[in-house]
Every structure is written in C-alpha cells, then in structure tokens.
Amino acid sequence: MSSPSRRSSSPESNTSGGGGGYAADERKRKRMLSNRESARRSRARKQQRLEELIAEAARLQAENARVEAQIGAYAGELSKVDGENAVLRARHGELAGRLQALGGVLEIFQVAGAPVDIPEIPDPLLRPWQPPFTAQPIVATAMADAFQF
C-alpha cells in the first residue's frame, strides 16, 4: 500500500473514490501559497507606489518653494516698478500744471498784442530713432596717438 504523501494530485486521483481528502489538502496548500505570493506582490506594489508618491511629494514641495521664491522676486520687482510709476505720475502732473500755466502766460501776451515767437524745441522722446545729437566720427589715428608712450 502506498502512503498518502506519495499520491499524485492528478485529476484522475481526485475523482477516484479513495484519497479525496489528500487532494483537497493539496489544493488548499497550493491556494494558500498562491495567496501568500499574491499578498507579497500586492505589498510590494503598495510599497513601490508609496515610494513614488513620497518622491513626487518631495518634487512638488521643491517646485512649490521655487515658485514661491519666484513670486516673491516678482512682487519685489512689481513694488519697485509701482514706486517708479508713482514718481512718473507725480512728475507728469507737475509738468502738466507748469505747461498749463505757461499756456496761460502766452495767452496773456497774445491778448496784449505782444508778438510771441516760439521756436520749435526738438523732443528726442517723440523721435526715438533719431539721435538727439549729431554723430561725430571717431578717428582711429587720433586715438592711437593718445595712447602712445
């Protein structure tokens, strides 16, 4: 007679009348091993996903810190430009008032009959492509003589 540990777990032995308990035990043992392996793989996947999420969180925190620093720099730059803009607006108001006052003075002169001849004053800001001064050529020989010892 053969012992229970030597029986095969072939389908024929499972359907035979004797030894059905051994086949069931063998299936149960294989299923337990399969479940353990599946649980181990599941834990490994979960651990890998956790590590990926931790790495992504660290990357996002670093990016967030970089963006916050950039926002701070932009806020400082904006404050500086706002200050300059306020100075320019005040200067514009002052100059507009002076221009209006000068216009009133001119009007008084014209009403009084005084001849008013206003020369054209070139404004380089109205023509930025034209330099406000005439270009002077630089003579290379004159510069070379200046640096001789």
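**View 1. Glu 26, a buried residue, and its partner Arg 29.** Glu 26 is buried, with a relative accessible area of 14% (buried means under 20% relative accessible area, exposed over 50%, partly exposed in between, with a 1.4 Å probe and protein chains only). The side chain of Glu 26 meets that of Arg 29 in a salt bridge, 2.6 Å from N to O (a side-chain nitrogen of Lys or Arg within 4 Å of a carboxyl oxygen of Asp or Glu). Arg 29 is partly exposed, at 41% relative accessibility. Both belong to helix α2 and, being three residues apart, are separated by about one helical turn. The model is predicted: local features need pLDDT of at least 70, side-chain atom pairs count only at pLDDT 80 or more, and totals for chains, interfaces and linings use all residues. Residues are numbered from 1 along each chain as its sequence is written, and side-chain values use heavy atoms, with hydrogens and water left out.

**View 2. The salt bridge of Arg 40 and Glu 37.** The closest N and O atoms of Arg 40 and Glu 37 are 2.3 Å apart. These two residues of helix α2 are three positions apart, about one turn of the helix. Arg 40 is partly exposed at a relative accessible area of 42%, and Glu 37 is partly exposed at 32%.

**View 3. The salt bridge of Glu 52 and Arg 49.** The N to O distance in this pair is 3.8 Å. Glu 52 has a relative accessible area of 40%, and Arg 49 has one of 46%; Glu 52 counts as partly exposed, as does Arg 49. Both lie in helix α2, three residues apart, about one turn of the helix.

**View 4. The protein chain and its helices.** The chain holds three helices and zero strands, in the order α-α-α from the N terminus (helices are DSSP runs of H or I with at least four residues, strands runs of E with at least two, numbered from the N terminus). Of its 149 residues, 1% are buried. The accessible surface is about 13600 Å², with 61% belonging to carbon and sulfur atoms (Shrake-Rupley method, 1.4 Å probe; for residues, only the protein chains shown count as cover).

**View 5. Confidence along the chain.** The mean pLDDT is 80, and 66% of residues reach 70 or more (pLDDT is the predictor's confidence in each residue, from 0 to 100). Confidence is highest in helix α2 (residues 20-112), at a mean of 93, and lowest in helix α1 (residues 11-15), at 46. Over residues 1-17 the pLDDT is below 50, and this stretch has 11 contacts in the model beyond near neighbours in sequence (contact means heavy atoms within 4.5 Å). Where pLDDT is low, the predicted coordinates should not be read in detail.
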